[in-house]
Structure formats: structure tokens, C-alpha cells
Amino acid sequence: MARVRMADVAREAGVSVSTVSLALSGAPSRIPEATRDLVRRTAAEIGYRPNSLARGLRTRRTDTIGLVSDQIATTPFAGLMLRGAQQAAREAGRILLLVDTEGDVEAETEAIRALADHQVDTMIYASMWHREVDRPAALPPGTVFLDCVPRGGGPAVVPDETQGAGLAMAELLGAGHTRIGYVGADEVLHPEVPAAAGLRRTAYRSALESAGIAPGPALEAQGAISAPGGRAAATTLLDRPEGERPTALFCFNDRMAAGAIAAARAHGLEIPADVSIVGFDDQPSLAADLDPPLTTIALPHLEMGAWAVRTAVRLLEAEETGAEEGTTLIPCALVRRGTVAAPTAR
């Protein structure tokens with residue numbers, strides 16, 4: 001199909017090409033409003049779309065946003081994060097260009113340079129884990145950081161891990177549990193998750209202290225961030241004598257919670273009658289499909305993706321770098337399902 005040109009609009013509307021150009025640009029001119037309306041209506045009727053490349057050469061804007069990620073496109077959460085970003089980009093009249101580097105530093109530098117060569121208006125740098133990152137030297141001013149915080153400061157958005165973990169603990173404490181174990185991430189095995197791991201563990205301890213319960217190492221165990229890792233860590237806690245065994249477990253994430261459910265069953269415990277379990281992440285195709293379905297904390301990936309794009313556009317339109325902006329925390333949400341109940345007398 002041949003591309004509809006500005007000359008075609010001019011012929012159909014009965015005006016000059018220069019009139020069409022001025023009417024569609026929105027620039028101030030002496031063209032009557034009725035003529036502007038006629039040109040816009042004609043352009044819509046015959047399917048005219050402005051040449052974005054030519055417009056970009058004039059305005060130095062391409063209406064594109066580059067999103068560079070380490071591995072988010074290969075995680076279960078990519079769909080929500082990218083959906084939020086794409087929706088916000090669409091609302092702003094922009095196109096989102098995604099490059100996933102799979103954690104390769106050399107590929108990351110090449111990706112940033114390639115996006116710059118394609119003259120994207122601004123960039124977003126995204127991480128699969130909430131963590132601190134070194135700012136890649138090739139990133140332009142005004143870059144927004146998604147699910148990570150750049151060392152040295154800059155505009156960033158991350159989940160409110162402390163608030164989310166507080167919700168999980170409030171759910172268990174509110175159900176009447178006082179012996180709550182923590183199935184945490186082993187930070188030696190997983191150095192990539194220090195921010196999330198540290199904040200969730202600290203919030204667990206703070207919630208106990210606020211409830212007048214002394215936290216202690218006997219009710220904490222760490223493991224690999226996986227179902228087997230969660231099972232091993234939970235087994236350590238559930239092996240304690242019955243009067244000292246936790247009646248509830250708060251797990252670093254849903255995969256570890258799945259392992260905790262298996263550990264409880266191996267001990268002959270029913271969920272949630274004998275032990276309650278709360279996860280973190282609300283991982284698609286996992287949390288809701290466990291037996292019983294897992295009560296968990298949902299990470300705000302959709303909201304974070306949208307925030308990153310809106311902030312990048314705002315800084316771009318204000319011609320600001322965002323250097324003075326700090327980190328924005330997006331609240332998490334409690335998702336109640338079937339793994340929490342009041343402790344039994346047993």
C-alpha cells in the first residue's frame with residue numbers, strides 16, 4: 001500500500017502543501033481555524049501519518065523512549081512491568097524500544113549506544129531485582145532507573161519493601177501468631193539481591209519488636225532463592241521441638257514459600273491449620289496455583305513501569321536531567337488467599 005503523503009491531503013482538502021504543513025504542525029500562523037479543522041479531518045479520513053523521521057530531524061525529537069534492562073524480559077514479572085511502561089508511553093504519544101542485555105556489561109554498553117544512535121529522546125535503565133547499581137557511563141542525562149537505585153543519586157523507582165514486609169507480618173500477627181519464622185534469602189549465594197533481602201528481613205524483625213516479641217536467630221533460616229532452598233530453610237525451622245516450632249512462616253519470595261509448603265507437608269503439618277505461610281512477589285503462574293493458593297505480597301511492577309515512563313517524559317519536556325531527584329517508593333499490596341489462619345492449640 002502506497003504511503004499517503006502531505007500532497008495527497010492538500011489535493012483532497014483543496015489547499016496548498018504549505019497550508020497542510022502549518023495546520024498539522026500546530027505552530028502559530030494566520031491559517032483560519034476552519035481551514036485547520038478541514039485539514040485535520042481530511043488527514044484523518046485518508047489515513048495520513050506524519051513522517052516521524054523528517055519531523056525528528058526538524059524538532060530533534062523522535063517520540064521514542066529506550067528501555068535498557070539486565071534481565072527483566074526473561075523474568076516472570078516482565079509482562080506487568082513492560083505493560084505499565086508501554087501503557088504510559090502510549091498515553092504520552094511515544095514508542096518504547098526495549099533491549100534486554102541478559103546481564104552482559106559489554107552488551108549493555110552496545111545497547112545504550114545503539115539506542116542513542118537511533119536518537120531516542122530519553123532512556124530508562126531497568127533491573128530484574130531491587131538493588132543498587134553503578135550508573136553505566138554511556139547513559140545520557142535524564143535517564144530514569146526502574147527497580148534499581150543508582151549509586152550517586154538520580155530519579156529512580158523501587159517497591160516499598162519495608163511497607164510490603166510490614167503488611168505480611170501484620171497479616172500473621174493479626175491472625176494471632178507470636179512464633180513467626182523467617183525464611184530468608186542467603187545473601188552470600190545471592191549477592192544480586194542485597195536491597196530486597198536486607199529490607200524484608202529488617203522489616204520482619206521490626207514488626208516483631210513493635211508487637212513486643214523479641215526476634216532471634218532461632219526463628220530465622222536462609223537458603224537459595226528457589227523452592228528447594230525454601231524447603232531446606234523451612235525444614236531447619238520446623239525441626240525445632242513442637243513448643244518452640246514456629247506456627248507461621250514469612251518467606252522472602254513465593255518460590256521459597258512453595259518450598260516451605262513442601263517442608264510443612266513433610267512434617268505432617270496442614271496448611272494453614274498447623275502452620276501459616278506468607279510469600280512475597282505474587283509471582284504469576286505460581287502463587288495462585290499452589291495448594292492451597294498462597295497469601296503473598298504483590299510487587300507493584302505495573303505501577304513502577306508506568307511511573308518510570310511518566311517521569312522520563314516529564315523530565316524530557318521540562319528539559320531537566322533529574323539529577324536532583326531521589327528514589328520514589330511504590331507501595332506493595334497484600335493478596336489474601338488460603339495459607340493464613342489462626343494458630344491451633346496443638
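**Close-up views of a predicted model**

**View A. Proline 272 occupies the loop between helix H10 (254-266) and strand S9 (276-278).** The model shown in this and the following views is predicted. Isoleucine 271 is linked to proline 272 by a cis peptide bond, with omega near 5 degrees. A cis peptide bond also joins aspartate 291 to proline 292, where omega is about 0 degrees. Proline 292 belongs to the loop between S9 and S10.

View C. Aspartate 147 is not a glycine, yet its phi is positive at about 65 degrees. Aspartate 147 is part of strand S4 (residues 144-150) and is buried, with a relative accessible area of 3%. For aspartate 281, likewise not a glycine, the positive phi is about 120 degrees. Aspartate 281 sits in the loop between S9 and S10; its relative accessibility is 5%, so aspartate 281 counts as buried.

**View D. Helix H1 (residues 6-13) packs against helix H3 (residues 33-46).** The angle between H1 and H3 is about 115 degrees, and their axes are 9 Å apart. The crossing of H1 and H3 is right-handed. On the H1 side, Asp8, Val9, Glu12 and Ala13 take part, meeting Leu38, Val39, Thr42, Ala43 and Ile46 of H3. Sorted by class, this contact has six nonpolar, one polar and two charged residues.

**View E. Helix H8 (residues 194-210) is shown with the elements that cover its buried residues.** H8 has 17 residues and spans 24 Å from its first C-alpha to its last, close to the 24 Å expected at 1.5 Å a residue. Its buried residues are Ala196, Ala197, Gly198, Arg200, Ala203, Tyr204, Ala207 and Leu208. An α-helix has 3.6 residues a turn, so residues three or four places apart point the same way. Among the elements covering the buried residues of H8 are helix H7 (161-174) and strands S3 (122-133), S6 (180-185), S7 (220-223) and S8 (248-251). Glycine 212, which follows H8, has a positive phi near 80 degrees.

Conventions: Residues numbered from 1 in each chain as written. Predicted model: local features only at pLDDT ≥ 70, side-chain atom pairs only at ≥ 80, totals over all residues. Heavy atoms only, no water. Axes fitted to C-alpha atoms, helices over the stretch in contact; angles between N-to-C directions. Helix = DSSP H or I, 4+ residues; strand = E, 2+ residues; numbered from the N terminus. Left-handed = near helix turned anticlockwise from the far one by under 90°. Contact = heavy atoms within 4.5 Å. Nonpolar A, V, L, I, M, F, W, Y, C, P; charged D, E, K, R; others polar. Expected span 1.5 Å × (residues − 1). Buried < 20%, exposed > 50% of the residue type's maximum accessible area, 1.4 Å probe, protein only.
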